[in-house]
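Let us walk through a protein model one piece at a time. Keep the picture open as you read.

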Amino acid sequence: MQWKEICQHYPQQWLLIEAIKARSEADRRILEQLAVVGTFSDSTTAVKSYLQFHRKAPERELYVFHTSHEKLDVTERWQK
């Protein structure tokens with residue numbers, strides 16, 4: 001799904017999403033296709049769920065966002 005579609009289906013919610021199709025461009029991550037992994041009423045629960053999923057499968061590209069954001073702005077950070 002596209003972010004705009006997700007926001008229509010899940011208004012005013014915290015979401016754990018997975019990037020199904022993404023690319024890098026000028027230190028930004030462009031998320032083209034997304035899948036909703038979970039919905040939450042608060043950010044604390046959403047982040048806890050993110051941490052659980054990330055421990056089990058660190059190779060998955062997971063994010064926590066609130067659907068009040070019109071656009072997703074993800075800055076890439078490189079760890080040394």
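The tour goes from the sheet to a loop and then to the aromatic rings. Keep in mind that this model is predicted.

Start with the sheet. Strands of a sheet pair through backbone hydrogen bonds, either parallel or antiparallel.

Look next at the E4 side. E2 and E4 run antiparallel to each other and pair over two bridges. Find Arg-29, and opposite this residue you will see Val-74 in E4.

Strand E1 spans residues 14-25, strand E2 spans residues 28-40, and Ala-26 lies in the loop between them. Asp-27 lies in the loop between E1 and E2 too. Check the backbone angle phi at both residues. For Ala-26, phi is near 50 degrees, a positive value in a residue other than glycine. For Asp-27, phi is also positive, near 60 degrees, and this residue is not glycine either. Is Ala-26 buried or exposed? Its relative accessibility is 71%, so Ala-26 counts as exposed. The cut-off for exposed is over 50%.

Finish with the aromatic rings. A pair of aromatic rings is described by the distance of the centres and the angle of the planes. With ring centres required to lie within 6.5 Å, the model has two aromatic pairs. Take Trp-3 and Phe-65. Their ring centres are 5.8 Å apart and their planes stand at 65 degrees, so this pair is edge-to-face. Trp-3 belongs to helix H1, residues 3-9, while Phe-65 belongs to strand E3, so the pair ties together parts that are 62 residues apart in sequence. Both Trp-3 and Phe-65 are buried.

Phe-65 also pairs with Tyr-63. This pair is stacked, with 5.7 Å from centre to centre and 20 degrees between the planes. Tyr-63 is buried, as is Phe-65.

Terms used
Residues numbered from 1 in each chain as written. Predicted model: local features only at pLDDT ≥ 70, side-chain atom pairs only at ≥ 80, totals over all residues. Heavy atoms only, no water. Helix = DSSP H or I, 4+ residues; strand = E, 2+ residues; numbered from the N terminus. Buried < 20%, exposed > 50% of the residue type's maximum accessible area, 1.4 Å probe, protein only. Pairing = 2+ DSSP bridges. Phe/Tyr/Trp six-rings, centres within 6.5 Å; stacked < 30°, edge-to-face > 60°.
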